[in-house]
Amino acid sequence: MRNVKKLLSILLMLTMLVSLFGLTASAVDSDPYLTSGGDFTYVVDWASIPEGGTTVPLYAVPADSSFNPTYFDTIDGAEDVVWSRAAGSEYGTSMGAVTVAEIGDEEYASCLTVNISYDAIPGPSSFHAERDGGGYVDITVVVTNTALNDWEYRYTGLVKCQIYDPSDDTLYAGNALTINAENHTDGRSYVTVLDALVEMEDIPALMIGGFVESYGYVSSITVKGVPYAASGMDGWQYRVYDRIGLTNQYEIVPVSEILGAGDMDMRVFDLVQWRYGSYYDENLFPETVTA
């Protein structure tokens, strides 16, 4: 379930602050889960990409029932990992070779080489590793143009914004326009969903009185003066939708099911929707909306 994967990414990001390759771990093919064998987000500065492009290696390894990372103890175990690229990932990144990395004596990891072209568009791309019998992990590669971080205007265009009141499921809707540099929330050169949430605070029709954010994830939003904080498996989630042609129909962008608000980029005519609910609820967001 994709909502579960996003939750696990949050938990792992907060608890695994040291790269796996700097830890002492056992090698167990039979461990039930899968996790990153390094970082969960890799950031590449657009200006550093040579004309021939560059590459980033991603690693996937087993994890035990407490999500502690281990290694594969056989090459076959590492070869069982299947990688894919999430739909909606930005132009300029692609999947390269999938190999088995030997970390130590009978200790292995599955390795995906991500190719990044010279003309890559700043933004996030997400890569999914999964194996038979369960176990998966999503790892993000972000291309950002550091030289543009101080631009006065990051984005000009119409962004449709929606938020649902957790108390009665009332929909509040409005439009956000220009996002200025002073409202840019993080080190990304592109406008993120988190930036759009800052703008949404200034739209009276949306009834947002503020929000709390940590590591690109929103833990609390105040609606009509009432703060709704994450509790247990319930919390604030968002989805981004792309406009279908020139219609008033919008379809979900799959990569937004995975990425935190601080990494997901916004586009012209996008719609961003926020709902409060269970991370396990795959029906929380519709595949298409009318706006």
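Arginine 243 stands opposite tyrosine 250 in strand 17, and that pairing is a handy way into this predicted model. Residues are numbered from 1 along each chain as its sequence is written. Local features need pLDDT of at least 70, side-chain atom pairs count only at pLDDT 80 or more, and totals for chains, interfaces and linings use all residues, while side-chain values use heavy atoms, without hydrogens and water.

**The sheet**
- Strand 16 (residues 234–243) and strand 17 (residues 249–252) run antiparallel, joined by 3 bridges; strands here are DSSP runs (E, at least two residues), numbered from the N terminus, as are helices (H or I, at least four).
- The order 11-10-18-16-17-19 describes an open sheet of 6 strands with mixed pairing, where two strands pair if DSSP finds at least two bridges between them.
- At the edges are strand 11 (171–176) and strand 19 (288–290), each pairing on one side only.
- From one strand to the next, the twist averages 30 degrees, with axes fitted to C-alpha atoms (for helices over the stretch in contact) and angles from 0 to 180 degrees between N-to-C directions.

**The helix across it**
- Helix 3 (residues 193–200) lies across strand 10 (159–164), strand 11, strand 16 and strand 18 (271–278), and runs at about 90 degrees to strand 18; contact means heavy atoms within 4.5 Å.

**The cores**
- The largest nonpolar core has 31 residues, of which Ile163, Val193, Ile221, Tyr238, Val272 and Trp274 touch the most other members.
- Such a core is a set of buried Ala, Val, Leu, Ile, Met, Phe, Trp, Tyr and Cys residues joined through side-chain atoms within 4.5 Å, buried being under 20% relative accessible area (1.4 Å probe, protein chains only).
- Helix 3 gives the largest share of this core, 5 residues.
- Apart from this core lies another, of 23 residues, including Ala78 and Tyr108.

Technical notes
Buried means under 20% relative accessible area, exposed over 50%, partly exposed in between (1.4 Å probe, protein chains only).
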